[in-house]
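Dear colleague,

I am passing on to you the structure that we spoke about, and I would be glad if you kept it open beside this message while you read.

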Amino acid sequence: MTDTARTARAGVPERPTLDGIEETWARRWQEDGTYAFDRSKERQDVYAIDTPPPTVSGELHMGHVFSYTHTDTVARFQRMRGRTVFYPMGWDDNGLPTERRVQNVYGVRPDPALPYDPGWQPPAAPVSEAARKDPTTISRRNFIELCEALTAEDEKVFEALWRRLGLSVDWSLTYTTIGRVARATSQRAFLRNLARGEAYQAEAPTLWDVGFATAVAQAELEDRERPGAYQRLRFHGPGGREVLIDTTRPELLPACVALVCHPDDERYADLVGASVRSPVFGVDVPVRAHPLADPAKGTGIAMVCTFGDLTDVTWWRELRLDTRVVIGRDGRLLPEPPAGVPAEPYAALAGQTVNGARRTIVELLGDAGDLVGEPRPITHPVKFYERGDRPLEIVSTRQWYLRNGGRDPVLREDLLARGRELRWVPEHMRHRYENWVGGLTGDWLVSRQRFFGVPVPVWYRLDDAGEPDWSQPLTPDESVLPIDPSSEPPPGYEEAQRGVPGGFVGDPDVLDTWATSSLTPQIVGGWETDEDLFRRVFPMDLRPQGQEIIRTWLFDSVVRAHLEQGVLPWRDAVLSGWILDPDRKKMSKSKGNVVTPMALLEQHGSDAVRYWAASGKPGMDLAFDPAQIKVGRRLATKLLNASKFALGLGVADALRAPATAPLDTAMLTELSGVVGTATTAFDDYDHTAALIATEAFFWRFCDDYIELVKERAYGTGPGADSARAALATALSVQLRLFAPVLPFVTEEVWSWWRYGSVHRATWPTTYEVGRAVQGPGDPELLRLAADALGQVRRAKSERKLSIKAEVPLAEALGPAALLDQLTLVADDVRAAGRIAKLDLLPDRTTELVVACAF
């Protein structure tokens, strides 16, 4: 690594420009190791960031630029505060998004039954729509290799954009959630959860995405409004009594196992404990009471099916009802009826899709005279997997679960307590965490019936009949991780024993992507593989992330660290707001209103885009505004030009010299206050407040102070020395204040007159600025002088005179005390206003008035 402290000054260019500085400095930072993590530092000198690994399944958008810029300002600030910053970058490349992208790009789908073909070559991408609808089947291993190849290409594009944006990550710390280290870490944590009884297997009702053919977890659900219709069905009660129920899912009639009413509903009190007969199928089902039944909904009595929705699951479990599953994993009705359901009427439904079966059962009900009235159209929320496009079904499957407090009150309270230990920015985001944990209804389902993920690291013995023994899974030693049970035998077995009676079978599933992503601090921190690194970075200081994944990434990470290490995985959590389009609607790919950043970075420059991003506070929404990006470009350009002017006065040699003139000490005293404000704001993760304070001062510095002082700065003697000293200190401090937000232009200017990198320079302090002030400093003097000069310039403008026009006489009127103050800066006002004579007339007006005679 090059010692950046010895990098030579570049000198002030004749024509400074923002064009091309991103490529220049991104390359230099990499060559010089400017952002390399120093692992020799002890924990108290380290600032560790658990960087969100973006999903590698498409394009980065302005929401990514928004939130990752916020994190980068924190990293740069902490580095300048003297901490060595552990700032890795990861790629979240396993899971369903990657699989779907590969399937769409290449028109393929995996079939685990097919053998691996080492010579198979993918078709040229992108393929036709017809190829997507009729995909080519390939082996599981071929499919995984294709996923790996495509994500590797995507990651290169992502890295190029992040470098262009100026993220100060240490690229030697890059990891992937499907890489060898991540797989081993994820499997190790799972095996330890299993050994402690925190991971377990169960056959249970499971939320199932038919399109992806996999189970999904509670945290991955979303409600979408969909049209539907209530059908009224007639059940037959004792003594010929009619019992009417309303349902939106009449196709589940053969899965009906009970009718449920509220315990206090007198209309059905006499039926509780009795049985009624279902229409079409003639199956006797019990009538039960349960407090979740809503007397005001429909007819007040509901059909319980196994399983129509999550409420059905609750009733089924708590009332200990029978099980009659009719929908299979393919989303079609099973070919054979469940026990107790007659085969003849069921045959009309067998093998149909849900929608087809719904039409058929409505016809059968009508023919039987048990369909009452006309359907009533409704719009209602339907459960979807957040990445899916078909409504979820509930099927009974064997899955792996991880305890998360959903069924354990003690663990739930422990996890709520962890949430109270965590510093939330903004604070109100903690309530989302607490609401989620408090509302959990079950444990975390961590197994997935997919391919491109971390394999569940267990096998099962097969008995003499070839049936697996689920109760005693075979596990590997941690030293051999990662492993793939589908291609490696368990300890003590040979591959030839796979699938034969008395042999073994590997678990076919992979772990949920969050089961790996929830371990990012452990993965990148070297848990169990680099204990020296781990003790220096864990628990980490910061988790920056989106608010929408509090229930997944944040909560899951807390669960894993609590169970394994007994601590929070980080001290602070900073949550991002949403990016809105110009109509104030949230940007999302599904809405088609997403803006991708590369063209904006190339057109306006990275600093300008970062300026827009930094205008939004943590947790607050920000509208995408090209006009704000242009303001950022203007600011960066002004920083170039103002710096060139100041350095042209020879201020580089005046750094650390004292400022003595009243106007100079006034300016520096105000700057000292800005340093204090910006430092406090950054400490509170409020980069926006820091930027606002710094930018407001900068424009006053350019428009007022430089204009007032430049005539004196051109001269010689103590006054000129003071001006140059003040300009040098102000320029040095402001470059460092802007550096976290505008890294490229500040590095460019710094290189003209200072050694090393501005991003390795120390953060400015009020002590540093105060040390340059010799004598008293009153910020009001600068405002007073600026007011006086402004009035002179307005007078010239009103007379359509040049700003450089001479003013033979000017009279300053105002309270005596105010004019006494003006006397201290009168020479600078005269010089800047080109005033030949300035008379001070006290107590003529209640405020400052400057009258000019031409």
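This is a predicted model: local features need pLDDT of at least 70, side-chain atom pairs count only at pLDDT 80 or more; totals for chains, interfaces and linings use all residues.

The protein has 854 residues, of which 56% count as buried, and its secondary structure comes to 25 helices and 29 strands. Taken along the principal axes, the C-alpha atoms fill a box of roughly 115 × 65 × 55 Å. The protein exposes about 35,500 Å², and carbon and sulfur atoms supply 50% of that area. If you look at contacts between residues at least 6 apart in sequence, 78% of them join residues that are at least 24 apart.

In soluble globular proteins, nonpolar side chains tend to be buried together. Here the largest nonpolar core holds 90 residues, and those that touch the most other members are Met667, Leu668, Phe701, Tyr705, Leu727 and Leu822. Helix H20, which spans residues 687-714, gives this core its largest share, namely 13 residues. Another core lies apart from the largest one and has 39 residues, including Leu440, Leu519, Leu533 and Leu575.

Next comes the sheet. Three strands, in the order E17-E24-E23, form an open sheet with parallel pairing, and the edge strands, each pairing on one side only, are E17 (423-425) and E23 (540-546). From one strand to the next the twist averages 20°. Strand E24 (residues 570-576) is joined to E23 by six bridges, and within this pairing Val574 of E24 is the bridge partner of Pro544. Helix H15 (residues 550-564) lies across E17, E23 and E24, and runs at about 160° to E23.

Finally, is Thr84 buried or exposed? Thr84, which has its place in strand E2 (residues 84-86), has a relative accessible area of 5% and is therefore buried, since the cut-off is under 20%. Beyond its neighbours within four places in sequence, Thr84 is in contact with Ala36, Phe37, Asp38, Lys41, Asp45, Val46 and Tyr47. With Asp38 there is also a polar contact, in which a polar atom of the Thr84 side chain lies 2.9 Å from the backbone nitrogen of Asp38. Thr84 and Ala48 are 36 residues apart in sequence, while their C-alpha atoms are 8.4 Å apart in space.

With kind regards

How values were computed: Residues are numbered from 1 along each chain as its sequence is written. Side-chain values use heavy atoms; hydrogens and water are left out. A nonpolar core is a set of buried Ala, Val, Leu, Ile, Met, Phe, Trp, Tyr and Cys residues joined through side-chain atoms within 4.5 Å. Buried means under 20% relative accessible area, exposed over 50%, partly exposed in between (1.4 Å probe, protein chains only). Helices (H or I, at least four residues) and strands (E, at least two) are DSSP runs, numbered from the N terminus. Contact means heavy atoms within 4.5 Å. A polar contact is a pair of N or O atoms within 3.5 Å; within protein, one must be able to donate a hydrogen and the other to accept it, and residues adjacent in sequence count only if both atoms are side-chain atoms. Two strands pair if DSSP finds at least two bridges between them. Axes are lines fitted to C-alpha atoms, for helices over the stretch in contact, and angles run from 0 to 180 degrees between N-to-C directions. Accessible areas come from the Shrake-Rupley method with a 1.4 Å probe; for residues, only the protein chains shown count as cover.
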